[in-house]
Amino acid sequence: MIFNEEFETLPREALESLQLKRLKHIAERVYHTVGHYHKKFEEAGVTPEDIRSLDDLKRLPFTTKQDLRDNYPFGLFSVPMTNIVRLHASSGTTGKPTVVAYTKRDIETWAELMARSFAAAGLTRNDIIHNAYGYGLFTGGLGAHYGAEKLGASVIPMSGGNTKKQIMLLQDFGPTAICCTPSYLLYLAETGEEMGIDMKSLRLRVGILGAEPWSERMRAEIEGRLDITALDIYGLSEIMGPGVAMECLEGRNGLHIFEDNFIVEVIDPATGEVVPNGQRGELVFTTLTKEAFPLIRYRTKDISRLMREVCRCGRNFVRMERVSGRSDDMFIIRGVNVFPSQIESVIMEIEGLEPHYKLILDREGSLDTLEIQVEVSEKIFSDEIRQLQNLERRIAKDIKDYIGISAKVKLVEPKSLQRFEGKAQRVIDKRNI
Ligand code: DLL
């Protein structure tokens, strides 16, 4: 179902002219209300009047996470605090968080984008949505919550954690949809199975899963264990929160970016140049409708590519391929660039392995080393040690053949690795400790 026929199916030409109108407006707005942008525009030798076509976007400066840090906490806001009704913050792994702000209208826009996302997943006001994204500073919980209400569905504001209680409510309230990270849904499935519950017999029909990279293999695993359709939702606090892009039920191949609200570019992270159509690179977003915290050409560090082929769902918005990882999660092992999701794809092809793994980067002398710890199923674990060693060798060989890196593989006991209630942390980098 399409939530907003008027905008989601706009023909390309009309969409682009709307984008241009909005881009001019937002450039004007940041130039006159945000000191940082005024200075950046001047340094780049551009004024808002220089924007005559969408192509002129290239002339505007990028915004980076460092710019957000330098203006911490409220320096990039474009309206006075009296007009701001909500703050969120994303948890940086180090130091201060990134703070983002919303006016009343921003909250309405965001709720609509989330309602569109739910509708793209086939949900209607008849659905019950179990929302296990964390409520609080994280944008996942409240973002999905307002969207579910906007759609008119019934929302269960569960938040993250309390896993056994979640299972009880999944049984008793009979939600038809669940929102959480893919890794947490697997943890829920595992806990339910341990409690002797047939997780396939729940009323759940669809998962709206995101906030972390996950692979097609992980999708298959989730769908198989819960008998649901698992769809990918993308977003980031700086740009809005969840609901920047959403996979549709009909296409299930790439996420539609809500282009009436955002302009997307894909750049070469090294040069900052826009890459040719369809090539992989770093996603860059410009917000077109945000009032409190507009951003121009924000560098996300997320790696993806755009797909411009027509989608059978009827939306005209461009699609982005599922994010393969963040450029700062990418590690380089002896000259080869590797994303954790590539390793996930390889290990999940191998029977007897569980979708729980940890990657430990270290250094021996001047050489980087990678250890992959992966859980095996109960059945495999009871095998003889020699068979386990054979399996370790087989995994190491597959990693070498498919990704081109040498890794030490260590099979570990079922359920021995840490589980996560929100975003999974799978990489431990000991190289600089
Ligand atoms: O994770 C917003 C969100 C909440 C998205 C719920 C989807 C569902 P942040 O905490 O600011 O916001 O983290 C944003 O998470 O730059 C990506 O690196 C990653 N990310 C988000 N969605 C996906 C996804 C929320 N579907 C950062 N696939 C982003 C891969 C994702 N990575």
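### Lining of the second largest pocket

In this predicted model, strand S10 (262-267) gives the largest share of the lining of the second largest pocket, namely four residues, and both S10 and helix H2 (12-33) supply at least two residues each. Helices (H or I, at least four residues) and strands (E, at least two) are DSSP runs, numbered from the N terminus. The lining has 21 residues, and those nearest the pocket centre are Ile263, Val264, Glu265, Val274 and Arg308. By class, the lining holds nine nonpolar, four polar and eight charged residues, where Ala, Val, Leu, Ile, Met, Phe, Trp, Tyr, Cys and Pro count as nonpolar, Asp, Glu, Lys and Arg as charged, and the others, Gly among them, as polar.

The space in this pocket comes to about 450 Å³, a volume being the space filled by probe spheres set on grid points that are joined across faces, edges and corners. A pocket is an open set of points on a 1 Å grid over the protein atoms alone, where a 1.4 Å probe fits, with protein on both sides within 12 Å along at least five of seven lines; lining residues have an atom within 4 Å of a point.

### Surroundings of the ligand

Around the ligand stand 21 residues, of which Asp232, Ile233, Ser237, Asp302 and Lys423 come nearest; a residue is near if one of its heavy atoms lies within 4 Å. Strand S7 (229-236) and helix H6 (139-151) each supply at least two residues of this shell, and S7 gives the most, with five. The shell divides into nine nonpolar, six polar and six charged residues.

An N or O atom in the side chain of Asp302 lies 2.6 Å from an oxygen atom of the ligand, while a backbone N or O atom of Glu212 is 3.3 Å from a ligand nitrogen atom; a polar contact is a pair of N or O atoms within 3.5 Å. The protein buries 94% of the 610 Å² that the ligand exposes when taken alone, with accessible areas from the Shrake-Rupley method and a 1.4 Å probe.

### The nine-stranded sheet

Nine strands form an open sheet of mixed pairing, in the order S4-S3-S5-S6-S7-S8-S9-S14-S13, and its edge strands, S4 (154-156) and S13 (306-307), each pair on one side only. Two strands pair if DSSP finds at least two bridges between them. Strands S5 (residues 177-180) and S6 (residues 206-210) run parallel and are joined by four bridges, with Cys180 opposite Leu209 in S6.

### Basis of the values

Residues are numbered from 1 along each chain as its sequence is written, and side-chain values use heavy atoms, leaving out hydrogens and water. Because the model is predicted, local features need pLDDT of at least 70 and side-chain atom pairs count only at pLDDT 80 or more, whereas totals for chains, interfaces and linings use all residues.

Key
Polar contact = N/O pair within 3.5 Å; in protein donor to acceptor, adjacent residues only side chain to side chain.
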